[in-house]
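Welcome to this short tour! Open your viewer, turn on the cartoon view, and keep the selection tool at hand.

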Amino acid sequence: IGGRTLVPLRFIAEALGAKVEYESGLRQVTCDRDGQKIILRIGSLSASVNGKTVLLDVPAQIVKGSAMVPVKFVSQQMGYAVRWLPSTSQVVIQG
């Protein structure tokens, strides 16, 4: 979407060692990993990373019941490098 690869947040964040919580009333997802706290609101182009506002290229959104987020944004905020391999349409996350 918008040239960005979106992935289910719970899947990617938990694979990277984060705890994920979704607050349906606020339409907000929180990821916490070793004190690194990311808060994303569904439909918003901004997120909170450790209390600071950070802009997103594409907002988090709900697709078939899952919170989908830009893989690069979430991975980088947790300290991982992300590469796109166009020849195979793969995203590589390296820590």
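Which side chain meets arginine 4 in a salt bridge? Select aspartate 57 to see the partner: the N to O distance is 2.7 Å. Keep in mind as you look around that this is a predicted model.

**Stop 1: a link across the sequence**

Stay with this pair for a moment. Now show the surface. Arginine 4 is partly exposed, because its relative accessibility is 38%. Aspartate 57 has 58%, so it counts as exposed.

**Stop 2: the open sheet**

Next, select β1, β8 and β7. These 3 strands form an open sheet in the order β1-β8-β7, and their pairing is antiparallel. At the edges you will find β1 (6-8) and β7 (61-63), each of which pairs on one side only. Neighbouring strands here are turned by 45 degrees against each other on average, with direction ignored.

Zoom in on β7 and strand β8 (residues 66-70), which are joined by 3 bridges. Which residue of β8 is the bridge partner of isoleucine 62? Click on alanine 67 to find it.

**Stop 3: a helix with a salt bridge**

Move on to helix α1 (residues 9-15) and select arginine 10 and glutamate 14. Their side chains meet in a salt bridge, with 3.2 Å from N to O. The two residues are 4 apart in the helix, which means that about one helical turn separates them. Buried or exposed, or something in between? Arginine 10 is partly exposed at 40% relative accessibility, and glutamate 14 is partly exposed too, at 43%.

**Stop 4: another charged pair**

Select lysine 19 and glutamate 21. They form a salt bridge whose closest N and O atoms are 3.2 Å apart. Lysine 19 counts as exposed, at 55% relative accessibility, whereas glutamate 21, at 42%, is partly exposed. The count of salt bridges in the model comes to 3.

**Stop 5: the hairpin**

Finish at strands β9 (residues 81-85) and β10 (residues 90-94), which run antiparallel and are joined by 5 bridges. Select arginine 83 and look across to β10: valine 92 stands opposite. Then follow the chain through the 4 residues between the strands of this hairpin, where serine 89 takes a positive phi near 55 degrees.

Technical notes. Residues are numbered from 1 along each chain as its sequence is written. This is a predicted model: local features need pLDDT of at least 70, side-chain atom pairs count only at pLDDT 80 or more; totals for chains, interfaces and linings use all residues. Side-chain values use heavy atoms; hydrogens and water are left out. Two strands pair if DSSP finds at least two bridges between them. Axes are lines fitted to C-alpha atoms, for helices over the stretch in contact, and angles run from 0 to 180 degrees between N-to-C directions. A salt bridge is a side-chain nitrogen of Lys or Arg within 4 Å of a carboxyl oxygen of Asp or Glu. Buried means under 20% relative accessible area, exposed over 50%, partly exposed in between (1.4 Å probe, protein chains only).
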